[in-house]
Amino acid sequence: MSAQPRIWDIPGGIHPPENKIQSTARGLEHPSLPARLILPLLQHIGSRAKPVVNAGDRVLKGQLLAVTDGKFSCSLHAPTSGIISAIENAPYPHASGLHEPAIILDSDGEDRWTELQPTAGWRSLEPVALLDLIDSAGISGLGGAGFPAAAKLLSRPDHRIDTLVINAAECEPYITADDMCMRHYATQIITGIQILSHILNPERVLVGIEDNKPEAIAAMRAAAEGEPVSIIEIPTKYPSGGEKQLIQILTGREVPSGGLPADIGVLCQNVGTALAVHDAVVLGRPLIHRVVTLTGAALERPTNVMALIGTPIHELLAFAGLQPERLHRLVMGGPMMGFTVDSAAPVIKTSNCLLAGTIDELPPPPPPLPCIRCGLCAEACPAELLPQQLHWFALGKDYPQLERYNLFDCIECGACAYVCPSHIPLVHQYRAAKSEIRSIELQHSRADHSRRRFEERQARLEREAEQRERDRQARAERAARAKAAREAKAASEKDTPAPVAVAPDLARIQAKNSTLTPEQKQLKVAASTARMALQRARKQLAANPDNLDLQAQIPPLEQAYADAQRAFEQATSQEGS
Amino acid sequence: MSIVLTAIVVLLVLSLIFGAVLGYAAVRFRVEGDPIVDQINALLPQTQCGQCGHPGCRPYAEAIANGEPINRCPPGGESTIQALADLLDVEPLPLDGEHGEAKPPMVAYIREDECIGCTKCIQACPVDAILGAAKQMHTVIIDECTGCDLCVEPCPVDCIDMLPLPVTTQNWGWIAPPPPTLVADQRGVS
Amino acid sequence: MMTEFILILLGTILVNNFVLVQFLGLCPFMGVSGKLETAMGMSMATTFVLTLASILSYLTYQYILVPFELEFLRTISFILVIAVVVQFTEMVVHKTSPLLYRVLGIFLPLITTNCAVLGVALLITNRSEQTFLSAATYGFGAALGFSLVLVLFAGLRERIAIADVPVPFRGAAIGMITAGLMSLAFMGFTGLIRL
């Protein structure tokens, strides 16, 4: 073996028992076709794909079912041929247990492919064309959060990527999916890596594999013979397989807080994603299957399977010989970062492992005791955070301090909770604090937005009121001028008798009005208001004749109007005008 | 006698000098308005619902600046009370029940079959979250609706419901685990 | 020369710390130390007031009271000086940081009655062979000592606020106990130098 390039070490880290031997004994198996597939429209962080098929449509294997909708969206393809049964909310593998909109596909058992367009001569294609192929194949990252691959490859277009890192570390206990993938498909993976290389044109390509996978390392090294790809063996430690951690191990560079690896010229992709890229470009096949580890003491035949996306979990567990009476907890993912799922949920693009744990294997956590300030958590943290401080601030809900102590740089690996002698559920606390901080920030930005809208509306209403006032004044002026003109005209045109007839009327009306005292004017206004209220109520009643409330309010209004009118007449009759 | 006179004169002169200095400073460092009101207003949820007893969020912010209790805003809930307490360095109080209960976030929904197109709700909405015109269909823009409840009353046909915002995987949040306790604290608690 | 100033500073900051050893200025010490940011703001305000007030008091004493043989007026004239300086500081704080002004609240004008400020001003007049510079250093050192202790105590109180304190001790009680322990610690500096 040639001397491999230099590697670095990450701070902290733990060595939990690996438990990987159970699931590697039976190689890579292929379960039978499931009868019904559940295909969620959103299988990663981002926005849901938009369906392009309807219930009742007949589809072929690999046919496009939903297109990307937005920047962080991934298209969805049919994993097998069949009929679309429905597009509705269905069980979804998420910690909340909530359902998500999904396309339900009933397979017809024929597994017939749609027309594929393989590209053997991909080396002659432009990177943009290759990215298009990757995008239309619906490839999202097969490890971790599962970002749409095309979006990730384009994440910082103005940054030069000088190192492509392929993550084959698979540091979490129990999981052997990437291990099996490499043992069986090493050549295809290397081709996939070359395709990614062709797109990014990095100076070097580094594949990081933990040293507990000797067969995989041998297979990859054999496949990479003569290629500009370095297969690097790294010491087994959890969590070396975290993206930021692997980059630090292989390149010695640290991803800046709140930044992306692309900021320091590195791009990291999972080894399973590289395989999917090969299938998409060379074979023309969209992403419709992935390797899933089925393990746990509640299974008779733990193994790795090439499962179709959308296969319900209970079918895979049945394939591996699940003993339901021994099952205590079903976890998707590994024992450190996995979450409990319902077996009705389907396998999605990021599902790498199903752990069917017995009560001895995944015991219920003991009740937490208070922190004894031992500091073991800070020694174990791979991100060099201070979990103890984060714990105190999370308890005290001191969100500004949490942000100042870099809560959002926590990768939620669980190393701190693993070593805590008081069994404090640290990662649970940090996740809750992150949720709360995000929701408060969202509330603030929405409140700000509403405030601006409200202020705009006030301004608009003021403008309209001013405009109305100006119009009213203009109208009043015009009316006054017109009236004056009319009077002048009438006065000049008519002969002497007319002024005699008109003047006394005018004089009488003016005399009557000008003799109204302020109190009488008030009463007159009150009477008019009462009359208008009564008329409005009568109109409403006419529109809704059956409404008892409206009926009931008429008599008091009539009374009020009568009173007001009488009061005004009394006041004016006293004057005797 | 002269010492007393000297004392009085010296003190008088000192006072005059210092008074002049302060007078100048009062003019030079004059503060217009009250910026603290803007900061308080920025923490309120801007629903303009009036449940605090004031006609809008800014009047309540001004009242808080003048010493009114900070626990009168039900839409803001506990997080707003905490934020106000941190800003003003006072004790956070529990929400004052007489001004309303803290509810989960709601949005208005118009049952379109019953809408008569009267525009009364549009006039009532403080953030223009209702789309529509006279004799045309009215509908609520969910992203803009703050859940303030002001549109429900003016509607003559009572076709507006307040519905809670649905929880999806996108807005679901983790709930904090209970704090660790010593065994001694649990004695007496069954 | 230099040593004299270093000795004065050491003496006022550590050995004869005005809050923990001489027990002056306990009111803002207990009242404003709830949060670190408030404590830092208060310590800056008090530093400004203390230094300026001690300098002005010294000048008033040396060049107005002593020549006119009015030393008996020193208390009232120092109070006058301190009140003016505090009022000036209040106006400046209100203009530059309305939030700090709001948060400090009543404690900002209460610096006027802060016995540490008047205490420092009066103690300066008691010292023999006083020069302007040594008076200024004394005042500044006193202010630094006050700030140091205030900030330390605020940091401690923030931690205590979320710690698991037994119910009878919560609030001011554990604050007092902590202050007492800090005072014991600072008294360990006795004999470091003699002022």
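Modeller: **A residue and its surroundings**

Leaving aside residues up to four places away in sequence, Ile232(A) touches Gln4(A), Pro5(A), Ile7(A), Leu206(A), Val207(A), Gly208(A) and Leu250(A). The model is a predicted one. Ile232(A) lies in strand β11 of chain A, which covers residues 230-234. Glu210(A) is 22 residues away from Ile232(A) along the chain, and the C-alpha atoms of the two are 8.4 Å apart.

Now the chain around this residue. Chain A contains 15 helices and 17 strands. Of its 577 residues, 42% count as buried. Among contacts in chain A between residues at least 6 apart in sequence, 72% join residues that are at least 24 apart. The C-alpha trace of chain A spans about 130 × 65 × 50 Å along its principal axes. Its radius of gyration is 38 Å, whereas a compact globule of 577 residues would have one near 25 Å.

Chain A also touches chain B: the contact takes 27 residues from chain A and 23 residues from chain B. On the chain B side, these are 13 nonpolar, eight polar and two charged residues.

As for confidence, chain A has a mean pLDDT of 89, with 95% of its residues at 70 or more. In residues 496-503 of chain A the pLDDT is below 50, and this stretch has two contacts in the model beyond near neighbours in sequence. Where pLDDT is low, the predicted coordinates should not be read in detail.

Definitions and conventions. Residues are numbered from 1 along each chain as its sequence is written. Chains are lettered from A and ligands numbered from 1 in the order in which they are written. This is a predicted model: local features need pLDDT of at least 70, side-chain atom pairs count only at pLDDT 80 or more; totals for chains, interfaces and linings use all residues. Helices (H or I, at least four residues) and strands (E, at least two) are DSSP runs, numbered from the N terminus. The radius of gyration is taken over C-alpha atoms; the globule rule is 2.2 Å times the number of residues to the power 0.38. A residue is buried if 20 or more other C-beta atoms lie within 10 Å of its own, exposed if 12 or fewer, and partly exposed in between; C-beta atoms are placed from the backbone. Two residues are in contact if their C-beta atoms, placed from the backbone, lie within 7 Å. Ala, Val, Leu, Ile, Met, Phe, Trp, Tyr, Cys and Pro count as nonpolar, Asp, Glu, Lys and Arg as charged, and the others, Gly among them, as polar. pLDDT is the predictor's confidence in each residue, from 0 to 100.
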